[in-house]
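Subject: A structure for you to explore

Hi there,

Here is the structure I promised to pass on. Have a look at it first, and then read my notes below.

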Amino acid sequence: MKPQIQPSNFAFLNKLMDHNDRDWFNAHKAEFLQEQDLVVGFAEALLQDLNTHDVIETPSGSKSVYRIYRDTRFSKDKTPYKTHWSGSFKRAGKNRRGSYYFHLEPGNSFIGGGFWGPNAADLKLIRDDLSFDPNPLRKILNTESFISSFGNLKGEQLKTTPKGFDANDEAIDLLRYKQYLLLRRCSDEEVLSADFLKTVGETFKNMRPFLDYMTEVLTTDINGLSI
């Protein structure tokens, strides 16, 4: 039987939402570890599927799953634990840019990917390419597989024109992005279904045209030579 997210995975998170303190967590540590093992098994199956059509740097499902402990040093919210399961997979090598992500939380689950925090140099390369010719990306964003999976491009945007670009640029709607993210929201019923592993795998596959486009932009110059 293929690994899947179990109702108990969400049941534990719901209890943690109501008792987000160290005493309760320590008293239920064995339950946490049992539920985490199920999520790790699911992540391992995702990794194996990803490696059939991509090359992933993340070595194992356990390495992909994020710690449940929150870093509260610079946060006003001092609750010590996350109330979701999540993990990510990094594509291998400089010629495979972008990453895959999953977030499992009652009422707020999603599958994501793309470029969460591109540095200034990468953002400039992306914007220069889009200003030169936005049509390759627009073609990807308008495909049936992209729209059915993600709807539209997501990510934080500038309210003004990026420095060095024209407000009348035909690609101004794309140039304003500071993040280039793909996001597919999932209901609790979807997450807990036996088909969810397949759903996530297909969603990750549908990210590839976007990731491959961005990889080319970020790793080659205007003549198509490696940079």
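This is a predicted model: local features need pLDDT of at least 70, side-chain atom pairs count only at pLDDT 80 or more; totals for chains, interfaces and linings use all residues.

Which residues of α3 are buried? They are F32, E35, V39, V40, F42, A43, A45, L46, L47 and L50.

Next, find H84 in the loop between α4 (61-64) and β1 (85-90). Is H84 buried or exposed? Its relative accessible area is 18%, and buried means under 20%, so H84 counts as buried. Leaving aside residues up to four places away in sequence, H84 touches L13, H103, L104 and E105.

Finally, turn to the second largest pocket, which has a volume of about 290 Å³. Its lining has 13 residues, and those closest to the pocket centre are Y101, F110, G113, W116 and L181. At least two lining residues come from each of β2 (99-104), β3 (109-115) and β4 (180-186). The strand β3 gives the most, with four residues. By type, the lining of this pocket has seven nonpolar residues, five polar and one charged.

Enjoy exploring, and write back with any questions!

Best wishes

Key: Residues are numbered from 1 along each chain as its sequence is written. Side-chain values use heavy atoms; hydrogens and water are left out. On a 1 Å grid over the protein atoms alone, a cavity is a set of points where a 1.4 Å probe fits but cannot get out, and a pocket is an open set with protein on both sides within 12 Å along at least five of seven lines; lining residues have an atom within 4 Å of a point. Grid points are joined across faces, edges and corners, and a volume is the space filled by probe spheres set on the points. Ala, Val, Leu, Ile, Met, Phe, Trp, Tyr, Cys and Pro count as nonpolar, Asp, Glu, Lys and Arg as charged, and the others, Gly among them, as polar. Buried means under 20% relative accessible area, exposed over 50%, partly exposed in between (1.4 Å probe, protein chains only). Contact means heavy atoms within 4.5 Å.
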